[in-house]
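Please work through the exercises below with the sequence and the structure at hand. Each task is followed by a solution that goes step by step.

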Amino acid sequence: CTFLIVAIFIRALLSWFNMDPYNPIIQALNSVTEPVLDPFRRIIPRVSGIDFSPLVAMIVLGIVSNVLQQFFIDSGI
């Protein structure tokens, strides 16, 4: 989950710049993050042109990560 959170954060930061969509690094970043962001984009509308789906996705991933960690700690796995 931490990897996805970092990848989404980097993608959100890079969206402020005019990046070449054909750059292999950008394409790899998009291919990793798009499956996570797409469901959030379907639910969360843009507000004044701002896409809040990366922020919501990072929060949800952080919560899921914490819940899973706590589950594994409590179960002794």
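**Exercise 1.** How are α2 and α3 oriented to each other, roughly parallel or roughly perpendicular?

*Solution.* Keep in mind throughout that the model is predicted. Begin with the axes of α2 and α3, which come within 9 Å and cross at roughly 115 degrees. Angles from 65 to 115 degrees count as roughly perpendicular, and α2 and α3 are therefore roughly perpendicular to each other. Next comes the handedness: α2 passes α3 in a right-handed crossing. The residues that make this contact are V36, L37, F40 and R41 on the side of α2, and S53, P54, V56, A57, V60 and L61 on the side of α3. Sorted by class, the residues of the contact of α2 with α3 comprise 8 nonpolar, 1 polar and 1 charged.

**Exercise 2.** Determine how helix α1 runs relative to helix α3, and describe the contact of these two helices.

*Solution.* Helix α1 covers residues 2-14 and helix α3 covers residues 53-75, and their axes come within 9 Å while crossing at roughly 165 degrees. Because an angle over 145 degrees counts as roughly antiparallel, α1 is roughly antiparallel to α3. The crossing in which α1 passes α3 is left-handed. From α1 the contact takes L4, I5, I8, F9 and A12, and from α3 it takes P54, A57, M58, L61 and G62. By class, the contact of α1 with α3 holds 9 nonpolar residues and 1 polar residue, with no charged residues.

**Exercise 3.** Which residues form the largest nonpolar core, and which elements give two or more residues to it?

*Solution.* The largest nonpolar core consists of 8 residues, namely I8, V36, L37, F40, I44, A57, M58 and L61. Two or more residues of this core come from each of α2, which spans 24-43, and α3.

Methods. Residues are numbered from 1 along each chain as its sequence is written. This is a predicted model: local features need pLDDT of at least 70, side-chain atom pairs count only at pLDDT 80 or more; totals for chains, interfaces and linings use all residues. Side-chain values use heavy atoms; hydrogens and water are left out. Axes are lines fitted to C-alpha atoms, for helices over the stretch in contact, and angles run from 0 to 180 degrees between N-to-C directions. Helices (H or I, at least four residues) and strands (E, at least two) are DSSP runs, numbered from the N terminus. Angles under 35 degrees count as roughly parallel, over 145 as roughly antiparallel, 65 to 115 as roughly perpendicular and the rest as oblique. A crossing is left-handed if the near helix is turned anticlockwise from the far one by less than a right angle, and right-handed if clockwise. Contact means heavy atoms within 4.5 Å. Ala, Val, Leu, Ile, Met, Phe, Trp, Tyr, Cys and Pro count as nonpolar, Asp, Glu, Lys and Arg as charged, and the others, Gly among them, as polar. A nonpolar core is a set of buried Ala, Val, Leu, Ile, Met, Phe, Trp, Tyr and Cys residues joined through side-chain atoms within 4.5 Å. Buried means under 20% relative accessible area, exposed over 50%, partly exposed in between (1.4 Å probe, protein chains only).
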